[in-house]
Amino acid sequence: QNMEFASDLLLLRALRIVKLLRIARLVKLVKLMHHIKEFRKIFFLLSTSLRTLFWTLLSVLLVIYIFAVLFAQSASAHLLDRGVENWDDPDQSLHENFGT
């Protein structure tokens with residue numbers, strides 16, 4: 001009978017430990033839920049800022065492209081106006097780097 005009592009006592013202790021571990025895991029999960037809300041906020045803000053960053057970069061690239069085309073056209077017009085026989089060193093460099 002003492003042996004039965006001892007085994008029952010060990011079983012109760014084991015059940016208490018399991019119960020405490022479950023409670024500890026639940027408390028950990030509740031603490032984690034607070035962080036998950038914060039992570040959701042961070043990801044939402046990142047996604048909206050990435051959208052803005054995309055359009056900003058697209059605008060900057062468009063402006064750079066427009067000025068590149070304008071510069072190439074004006075360089076080409078300058079070289080055509082001067083004529084090939086009148087090119088000096090800067091004109092030759094302009095033709096080598098930006099001419100077609």
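**Briefing on the chain**

The chain has 2 helices and 0 strands. The model is predicted. Its C-alpha trace spans about 120 × 25 × 15 Å along the principal axes, and 6% of the 100 residues count as buried.

**Overall shape**

- The radius of gyration of the chain is 37 Å, whereas a compact globule of 100 residues would have one near 13 Å.
- Helix α1 covers residues 2-82.

**Surface**

- The accessible surface of the chain is about 9,500 Å².
- Carbon and sulfur atoms account for 69% of this accessible surface.
- A nonpolar surface patch of about 680 Å² is formed by Leu62, Val63, Tyr65, Ile66, Phe67, Val69 and Leu70.
- One of the patch residues, Tyr65, is placed in helix α1.
- Tyr65 counts as exposed because its relative accessible area is 56%, and the cut-off for exposed is over 50%.

**Charges and the salt bridge**

- There are 12 positive and 9 negative side chains in the chain.
- A search of the whole structure finds 1 salt bridge.
- Glu38 and Lys41 meet through their side chains in a salt bridge, at 3.8 Å from N to O.
- Both Glu38 and Lys41 belong to helix α1, where they are 3 residues apart, about one turn of the helix.
- Glu38 has a relative accessibility of 34%, so Glu38 counts as partly exposed; this class lies between the cut-offs of 20% for buried and 50% for exposed.

- Asp81 is a residue of helix α1.
- With a relative accessible area of 69%, Asp81 is exposed.
- In sequence, Asp81 and Ser93 are 12 residues apart.
- In space, the distance between Asp81 and Ser93 is 16 Å, taken from C-alpha to C-alpha.

**Points to look for in the structure**

- Helix α1 (residues 2-82) holds Tyr65, and Asp81 also lies in helix α1.
- The salt bridge to find is the one between the side chains of Glu38 and Lys41.
- The nonpolar patch to find includes Leu62, Phe67 and Leu70.

Technical notes. Residues numbered from 1 in each chain as written. Predicted model: local features only at pLDDT ≥ 70, side-chain atom pairs only at ≥ 80, totals over all residues. Heavy atoms only, no water. Helix = DSSP H or I, 4+ residues; strand = E, 2+ residues; numbered from the N terminus. Rg over C-alpha atoms; globule rule 2.2 N^0.38 Å. Buried < 20%, exposed > 50% of the residue type's maximum accessible area, 1.4 Å probe, protein only. Areas by Shrake-Rupley, 256 points an atom, 1.4 Å probe, with all protein chains shown as cover. Lys, Arg positive; Asp, Glu negative; His and termini not counted. Charge placed at Lys NZ, Arg CZ, Asp CG, Glu CD. Patch = residues over 30% accessible without salt bridge, like charges linked within 9 Å, V, L, I, M, F, W, Y side chains within 5 Å. Salt bridge = Lys/Arg side-chain N within 4 Å of Asp/Glu carboxyl O.
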